[in-house]
Amino acid sequence: MEENASFSIKNWNEDDRPREKLLLKGRTALSDAELIAILIGSGSRNESAVSLSQRILASADNNLSELGRLSIPELMEFKGIGEAKAISIAAAMELGRRRRTGEALERKKITSSNSVFEFVQPIIGELPHEEFWILYLNNSNKIIKSAQLSKGGITGTVVDVRLAFKEALQLGAVGIILAHNHPSGTLKPSQADIQLTKKLKTAGDSLDIKVLDHLIITEKAYFSFADENML
C-alpha cells in the first residue's frame, strides 16, 4: 500500500498539486494535463491523476479539440476513468466550446467570410455529422440570431426554405448567411449544396432578403460561395 500511496496527489509537494498550484500561481501556470487532473480528482491505484490525464491527452495528439471529440464510452476505455469522470471531462470540453462561441458572439458584426468562419466554426466545425445553420443579419451586418435549420444531411428536402424565411421576416432581418459543415474535411461544394443555395437565393430575392453568403465549414478551413462568385 505504501508504494501505491505515492501516486496520490495528497502526498505530492504542495507546490506540485494541481489545485494548490492553481491557487498559488494562477490558472495559466497549469498544463492541460494538470487542469484535466483537477477535473477527474484522482487516477488509479498505480497512476496519478496527472499521469492519467497525460495519457488521455496523448491519445488525442495533445490537442484539446481532438479531446473534445471523444465520446463518454471512449473516455471510459482508460483505466481509472469511470462514467462520472468521463462526464466531467466531456462537460468541461463543451463549456470551452461554448465559451469560444460566446466570444465570437461578442464580435457579432460580420465584415467578411472569415468573420463568419470565426463565428460558426466553434459551433459546427468539429462535429461528426452535418448541420445546416443560418445567421440572420440586420442592416448593419450584425447578427440578430443564429439557428440550426437541419441536422444530419443537406438536401433541398431536409432544409425547410419556408421556415428559414419565416424566421427572417419575424426578426426583421435584411440579410442571411448560410453555413454547413463537411465532416469529411472536403471543401468542395456538392451539387446539392449548389442547388440549395440557388433555391434559397431565389426565395430571398422575392422577399427582398439578401443571401449574402454560404460557407462550407471544416475544422480549420472554409469555402465561401460569395468569395468564389457563386451567388
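## The largest pocket

The largest pocket is lined by 24 residues, of which Leu64, Gly68, Met93, Glu94 and Arg97 lie nearest its centre. A pocket is an open set of points on a 1 Å grid over the protein atoms alone, where a 1.4 Å probe fits, with protein on both sides within 12 Å along at least five of seven lines; lining residues have an atom within 4 Å of a point. The model is predicted: local features need pLDDT of at least 70 and side-chain atom pairs count only at pLDDT 80 or more, while totals for chains, interfaces and linings use all residues. Residues are numbered from 1 along each chain as its sequence is written, and side-chain values use heavy atoms, leaving out hydrogens and water.

Two or more lining residues come from each of helix H3 (32-40), helix H5 (64-67), helix H7 (83-106) and helix H8 (113-124). Helices (H or I, at least four residues) and strands (E, at least two) are DSSP runs, numbered from the N terminus. H7 gives the most to this lining, with 7 residues.

## Helix H8

In H8, 10 of the 12 residues are buried (under 20% relative accessible area, against over 50% for exposed and in between for partly exposed; 1.4 Å probe, protein chains only), so the helix is largely enclosed by the rest of the structure. Among the buried residues are Phe117, Phe119 and Ile123.

## Nonpolar cores

The largest nonpolar core has 18 residues, and Ile134, Tyr136, Phe165, Ile176 and Leu200 are those with the most contacts inside it. Such a core is a set of buried Ala, Val, Leu, Ile, Met, Phe, Trp, Tyr and Cys residues joined through side-chain atoms within 4.5 Å. At least two residues each come from strand S1 (131-137), strand S2 (143-151), helix H9 (161-171), S3 and H10. H9 gives the most, with 4 residues. A second, separate core of 17 residues includes Ala49, Leu57, Leu75 and Phe78.

## Salt bridges

The structure holds 7 salt bridges, each a side-chain nitrogen of Lys or Arg within 4 Å of a carboxyl oxygen of Asp or Glu. Lys21 pairs with Glu34, with the closest N and O atoms 3.1 Å apart. Lys21 lies in helix H2 (residues 18-25) and Glu34 in H3, so this pair ties together parts that are 13 residues apart in sequence. Both residues are buried.

Arg69 and Glu219 meet in another salt bridge (2.8 Å, N to O). Arg69 is partly exposed, with a relative accessible area of 38%, and Glu219 is partly exposed at 21%.
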